[in-house]
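I opened my notebook to work through one chain, a piece at a time. Here is what I looked up.

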Amino acid sequence: MTKINIDALRAKYLDDEPVQKIKAAINANNFFLENNPNGYADSNRFLNSLMQFPENITYKRGIEEFLEASSAGNYFQLSDAKQDDEGINFYWISYYKGRIRRNLKVPEFEGLLKLLETSRRSEISLTLEGLINKAIENIK
């Protein structure tokens, strides 16, 4: 019969403190390239991409819900890029809210794909209003 090293087992599973992973924080102050060289979008291109959307609440709501869900730490599934009847490129982004699967139609805007790419490794705290205000502030 093999002798078990109880002390090694105890040190491995009971005495070690859990390792806390420090996540990078993404907010309106470091989202734009003007404020952070490793940012996600240029302020001018971000505002121009928002200006191309028609006056349709669907586009605005999709971006707002996506930013809210990403701030809540959800994981996303991304569809291939599609184009709607108005010629706007968009993605279907899916995530689970509890047991319910939510599907969002999110128009392609400057910084979206890079934000999705880092969403699992980062703590996100973004709102559409905050991003627009910071982009306008950067342009002035």
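**Entry 1: a serine to start with**

I am working with a predicted model. I began with Ser122 and asked: is Ser122 buried or exposed? Ser122 has a relative accessible area of 9%. The cut-off for buried is under 20%, so Ser122 counts as buried. I then looked up its place, and Ser122 sits in strand β6. Next I checked its side chain. A polar atom there lies 3.1 Å from the backbone oxygen of Thr118.

**Entry 2: the core**

I turned to the largest nonpolar core and found 31 residues in it. Which residues have the most contacts inside this core? They are Phe31, Phe46, Phe66 and Phe109. I noted the elements that each supply at least two residues of the core, among them α2, α3, β4 and β5. Helix α4 gives the most, with five residues.

**Entry 3: helix α4**

I looked up the length of α4 next. It has 15 residues. From its first C-alpha to its last, α4 reaches 21 Å, close to the 21 Å expected at 1.5 Å a residue.

Which residues of α4 are buried? I listed Tyr59, Gly62, Ile63, Phe66, Leu67, Ala69 and Ser70. Seen down the axis of α4, the buried residues fall within an arc of 165 degrees, so they line one face of the helix. Just after α4, I found Gly73 with a positive phi of about 85 degrees.

**Entry 4: helix α3**

I did the same for α3. Its buried residues are Ser43, Phe46, Leu47, Ser49 and Leu50. They cover an arc of only 160 degrees around the axis, which puts them on the same side of α3. On the other side of α3, I found Asn48 and Met51 exposed. The buried residues of α3 pack against α2, α4 and α6.

I checked the start of α3 too. There, a side-chain oxygen of Asp42 reaches to within 3.2 Å of the backbone nitrogen of Asn44.

Then I followed Leu47, which is found in α3. Leu47 has a relative accessibility of 16% and counts as buried. What does Leu47 touch, not counting residues up to four places away in sequence? Leu47 touches Ile132, Ala135, Ile136 and Ile139. I also looked up the distance from Leu47 to Gly130. The two are 83 residues apart in sequence and 12 Å apart in space, C-alpha to C-alpha.

**Entry 5: salt bridges**

How many salt bridges are there? I counted five. I reminded myself of the general idea: side chains of opposite charge can pair when their charged atoms come close.

- Lys60 and Glu64 meet through their side chains, at 3.6 Å from N to O. The two are four residues apart in α4, so about one helical turn separates them. Lys60 is partly exposed at 43%, and Glu64 is partly exposed at 34%.
- Arg102 and Glu65 meet at 2.4 Å, N to O. This pair links distant parts of the chain, with Arg102 in strand β5 and Glu65 in helix α4, 37 residues apart. Arg102 is partly exposed at 31%, and Glu65 is partly exposed at 21%.
- Lys105 and Asp84 meet at 3.8 Å, N to O. Lys105 lies in strand β5 and Asp84 in the loop between β3 and β4, so the pair ties together parts that are 21 residues apart in sequence. Lys105 is partly exposed at 23%, whereas Asp84 counts as buried at 14%.

Notes
Residues are numbered from 1 along each chain as its sequence is written. This is a predicted model: local features need pLDDT of at least 70, side-chain atom pairs count only at pLDDT 80 or more; totals for chains, interfaces and linings use all residues. Side-chain values use heavy atoms; hydrogens and water are left out. A nonpolar core is a set of buried Ala, Val, Leu, Ile, Met, Phe, Trp, Tyr and Cys residues joined through side-chain atoms within 4.5 Å. Buried means under 20% relative accessible area, exposed over 50%, partly exposed in between (1.4 Å probe, protein chains only). A salt bridge is a side-chain nitrogen of Lys or Arg within 4 Å of a carboxyl oxygen of Asp or Glu. The expected span of a helix is 1.5 Å times one less than its number of residues. The arc is that of the directions from the helix axis to the C-beta atoms. Contact means heavy atoms within 4.5 Å. A polar contact is a pair of N or O atoms within 3.5 Å; within protein, one must be able to donate a hydrogen and the other to accept it, and residues adjacent in sequence count only if both atoms are side-chain atoms.
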